[in-house]
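Have the sequence and the 3D view ready.

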Amino acid sequence: ENQSKNIVLNFNTHRHFARFILISIEMCNKKLKTNLSEKKQNANKWETEHILAQANKENIENNYIRSLGNLTLISQKLNVESSNAPYEKKRELFRACKGEERGFHLNKFYRKKAFKEKDVDKRYRRLKNKFINIFYENISGNTFNSENNSNPKKIFTLDKFEKILEKYPIDTRKR
C-alpha cells in the first residue's frame, strides 16, 4: 500500500470517479457556497487538474502523475491558463487568481513552494482517508485511519453525503 505502484489511479479510465472523490472531499471539508457540479457552456466549470503536469517534462514516474494525490479541482479558466506548466508556474498562477478555488480545502497544497513525488504519496493517503470517512464510520464513532487501523468494525453510511446532496443537489440529467 505504501508503494507508489499500488496507489495508481488511472485517470483516463477513472476520471469521473476521481472527480467524484475530489468533489465529495471538498464538499465535506469546507462550508462551500460553490456548486462544484456547475456547468459553463456545456462543460464543467470546475475541472480536475493534475498538479504535476501530465506532459511530465520532469521525468516523474507515471504512477505519481496518475495518482489521486496529484489531482485537484480548479476553474476551467485557470486550468486552461496553467495547462501543462510545471508546479512552480501553476502555483504562481493560482496565487494570482481571484477565483473561488483559492478557498478550496483541496488547494491548500499551493502554499508549498515545491510539490514532489513524496507530496503526492502523502496527499494520496490523506485524500483516501478523508473519502473513506465520508462513507464509513466505526461503530465506536471514531473515524477511519488506514495508517493505524487495527481492523475496527466499520459500517457503511451515506448520512454525510446525503446532507451534502440536500445542500448542493447534483444535476444528473444528460446534456
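Q: Is K89 buried, partly exposed or exposed?
A: This is a predicted model, where local features need pLDDT of at least 70, side-chain atom pairs count only at pLDDT 80 or more, and totals for chains, interfaces and linings use all residues. Residues are numbered from 1 along each chain as its sequence is written, and side-chain values use heavy atoms, leaving out hydrogens and water. Buried means under 20% relative accessible area, exposed means over 50%, and partly exposed is in between (1.4 Å probe, protein chains only). K89 has a relative accessible area of 37%, so the label is partly exposed.

Q: Which residue meets K89 in a salt bridge?
A: A salt bridge here is a side-chain nitrogen of Lys or Arg within 4 Å of a carboxyl oxygen of Asp or Glu. Look in helix α4, where the two partners lie 3 residues apart, about one turn of the helix. With 3.6 Å from N to O, the partner of K89 is E92.

Q: Which residues of α4 are exposed on the face turned away from its buried side?
A: Helices (H or I, at least four residues) and strands (E, at least two) are DSSP runs, numbered from the N terminus. The buried residues of α4 are Y87, K90, R91, L93 and F94. Seen down the axis of α4, they fall within an arc of 165° (taken from the directions from the helix axis to the C-beta atoms), so they line one face of the helix. The face turned away from them carries E92 and A96.

Q: E100 and K45 form a salt bridge, so how many residues apart in sequence are the parts it ties together?
A: The closest N and O atoms of E100 and K45 are 3.7 Å apart. E100, partly exposed at 40% relative accessible area, lies in the loop between α4 and α5, while K45 is in the loop between β2 (43-44) and β3 (46-50). So this pair ties together parts whose separation in sequence is 55 residues.

Q: How far apart in space are I74 and K45, C-alpha to C-alpha?
A: I74 sits in strand β4 (residues 71-75). At 0% relative accessibility, I74 counts as buried. I74 and K45 are 29 residues apart in sequence, and their C-alpha distance is 8.4 Å.

Q: Which residues are joined with D119 into one network of salt bridges?
A: D119 is buried, with a relative accessible area of 5%, and pairs with K112 at 2.6 Å between the closest N and O atoms. K112 is partly exposed at 34%. Through salt bridges that share partners, D119 is joined with K112 and K118.

Q: What is the phi of S83?
A: You'll find S83 in the loop between α3 (76-82) and α4. Here's a handy rule: most residues other than glycine have a negative phi. S83 is not a glycine, yet its phi is positive, at about 35°.

Q: How many helices and strands does the protein have?
A: Read along the sequence, the pattern is α-β-β-β-α-β-α-α-α-β-β-α. The protein has 175 residues, and 43% of them are buried. The secondary structure comes to 6 helices and 6 strands.
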